[in-house]
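Q: Please take me through the terms used for this model one at a time, setting each value against its definition.

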Amino acid sequence: MSLVISNGLVIDPANNLSGICDVLIEDGKIKEISTALQGDKVLDATGLVVCPGLVDIHCHFREPGFESKETIASGSRSAARGGFTTVVTMANTNPPIDNAGLVELVIRRAREEACIHVCPAACATKDLKGSEITEMADLKAAGAVAVTDDGRDISSSSVMRHALDYAGMVGLPFLSHSEDEALAAGGAMNEGYCATLMGLPGIPKVAEDIRTDRNIRLAEIANAHIHIQHVSTAASVEIIRQAKKRGAKVTAESAPHYFSLTDEATLNFNTNAKMNPPLREKEDVEAIIEGFKDGTLDCIATDHAPHTQTEKRVEFEVAPFGIIGLETSLALTITHLVNPGHVSLEKAVALLSPGGARVCNLNAGTLTPGVSADIAIFDPQEKWTVLSEEFASKSCNSPFVGATLQGRVRYTLCKGTVVYSAS
Amino acid sequence: MEQPSPTLWTKKDLIGIRELNRSEIECILDTAPQFLAVSQRASGIKKVPLLQGRLVVNWFHEPSTRTRTSFELAAKRLSADTLSMTASSSSHVKGETLHDTLANIEAMRSDIIVLRHSCAGAPHMLAADHSSHIINAGDGRHEHPTQALLDAFTMREARRKISGNPVATLDGAKVALIGDVEHSRVARSNIFALTRLGAHVTVCGPVALLPSQVEKLGVHSTTRLEEALSDADFIYALRIQKERQGSGLFPSIREYVKLFRIDRDSLRFAPDHALVLHPGPINRDLELSTEVADGSRSLVLRQVTNGVAIRMAVMHLLANSRTRQ
């Protein structure tokens, strides 16, 4: 059984390819990319972009423990609707993924339920407590692709150092949520003019910046690969830029909301614009865009963080941090990075697919013949309005509900099978 | 009693001063004097039937004596039925959301909800989804609109009395807000109200108690009391919560008193005509000395008297404007 995706604009940044051609899929694998290919079935992609399935190295599927927010099954459907075929799930579930048995559980559940590739990240410290490091060699052997205490930082610089030492030794990237808890304590949004207007306790940017710097410096002496998650401030972008210049093994991500919104989005106490780190200010948005342009930031990650409507429909200070992002990531990237001319469509695909795959050493993000046929096919021109009832995620906590965005996924294929198609 | 003009007042709720323009603020201030007169009737019958048959629910999630009393009295003098509910501000922990509680109250046909809550934005959140008129009686450190209205009213009244001009405004008046501006909803609402009414506002306090980028609110900011008081027509001492001592925001109450207390000594920095306000309850001799609080320059009790009239005006405007259209 073979399938030809014909006449699309094939963008495969890993192979420096961008041109109208056909993609032949056989037995779930990419067979050939050329012109005038023949197959048993044909999918006409005229006017559409055909690219490697998107890769999100930062999402929360909430299973086990918080299945009313999201499950591996619903999260993977949400990913597929957003064009994603590979995701890295965070470890702050209940219980947290801090031993090999739990890594295997996530992998087994994904095999049973998920329509895309789900790669678990595991905890860097036991029970996310920041005091004892986990058995990272075991975690890696069980299938964990990274270690992280995402959701919190490791307070003790000494524990952080040893966690990085060990992650470096076993060869797992350390995904770092960089945040000084004492400076951020009690905060509900970015510290600044908007917080002053609203009378909400602020989270200062420096809480992120000093830990971004500390964590990179600790990784440097450990000779470990550190990946800075959800970069939201101009100063952190600059800290990473300088670290890369001096040769640190550092990579970094930012999320679509950090380049498309500022803290003004919270001015009406919209809890769907509450996340951590919080939305910052105009100069930070500009610095993040610059970071993508000059390669300081390696990839776009969503920090897809589902919460139920009940949990979010409360007082702003009480509402949990986090927004969903898988189903709007591509469109926000096209709308806010490609359309204004900040990056090319090819660069956008690179940030959304091979960029993240490289960070976590995943066998994904390319259309090289022989690899699994994980493919996103999207219309870069189509405008659509984000509607909460259309999310495939179990949750709809998005600040973009009601927004009209450009760029819509038409098909997502995983292992050569259509796992999502827009109807 | 005059009916409010619906062209002047069209809002369902009073959530904050930030949402009001100058004419809306003045509409409330100009509605208050008739209610001040009700409270001062020679007959002793301090009541009008403007809210007869309506239900006003005072829903307080934080301890409050004077604001709750003032609202309750205002409602009673308008002949409304009143109901008081107090709840722990952590009721969400017990399982019922604010939305659910309000839906239950509304199922009993409430007309006006007076809400005090420890979380900024709580009244904003409820107003959007419920039909009752919501009056914000203080939400976290966000806003306390009726306090700012009664303060502005009191300052304007004093200015009119001193100048002999019965239509004098606060244009050009200089107001110094002293103390914990960061944690103060009173300060925020006053800044919005006073700047909109044309006054010049200076905020002054220890640096950790001044909000981030506060100058963008159109005020002058300083940590020197002498500078803040030098040209003040009105000096507004904000409450210092004693719990803040030991929080690391400033070293001690003792040093706060030395640097920022409004007392006979610090008043020497101010013009002779400067008058003193305080939202109450006063921490005597902490942010405000007894001799000043009880002295001839103090407007503190006038604020309390005016508070009832302002709250009567607000309830009347909210409940009677739309229904008369």
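Q: How many cavities of 30 Å³ or more does the structure hold?
A: The structure holds six cavities of 30 Å³ or more. This is a predicted model, in which local features need pLDDT of at least 70 and side-chain atom pairs count only at pLDDT 80 or more, whereas totals for chains, interfaces and linings use all residues. Residues are numbered from 1 along each chain as its sequence is written, chains are lettered from A and ligands numbered from 1 in the order in which they are written, and side-chain values use heavy atoms, with hydrogens and water left out.

Q: What makes a space a cavity or a pocket, and what makes a residue part of its lining?
A: On a 1 Å grid over the protein atoms alone, a cavity is a set of points where a 1.4 Å probe fits but cannot get out, while a pocket is an open set with protein on both sides within 12 Å along at least five of seven lines; a lining residue has an atom within 4 Å of a point. Grid points are joined across faces, edges and corners, and the volume is the space filled by probe spheres set on them. On that basis the largest cavity has a volume of about 90 Å³, and the second largest cavity holds about 60 Å³.

Q: Which residues line the largest cavity, and which elements give two or more of them?
A: The lining consists of R81(A), G82(A), E327(A), T328(A), L330(A), A331(A), W384(A), G407(A), R408(A), V409(A) and Y420(A). Two or more residues each come from α12 (329-338) and β17 (404-414) of chain A, and the largest share, three residues, comes from β17(A). Helices (H or I, at least four residues) and strands (E, at least two) are DSSP runs numbered from the N terminus.

Q: How is that lining divided by class?
A: Ala, Val, Leu, Ile, Met, Phe, Trp, Tyr, Cys and Pro count as nonpolar, Asp, Glu, Lys and Arg as charged, and the others, Gly among them, as polar. The lining of the largest cavity therefore divides into five nonpolar, three polar and three charged residues. The second largest cavity, whose lining includes H177(A), E208(A), N276(A) and P277(A), has three nonpolar, four polar and three charged residues around it.

Q: How does the span of α6(B) agree with what its residues should give?
A: The expected span of a helix is 1.5 Å times one less than its number of residues. The 12 residues of α6(B) should therefore span 16 Å, and the end C-alpha atoms are 17 Å apart, which agrees.

Q: Why are N7(A) and N361(A) put in their accessibility classes?
A: N7(A) has 35% relative accessibility, so it counts as partly exposed, whereas N361(A), at 57%, counts as exposed. N7(A) lies in strand β1 (residues 2-12) of chain A and, although not a glycine, has a positive phi of about 65°. N361(A) is not a glycine either, and its positive phi is about 55°.

Note on methods: Buried means under 20% relative accessible area, exposed over 50%, partly exposed in between (1.4 Å probe, protein chains only).
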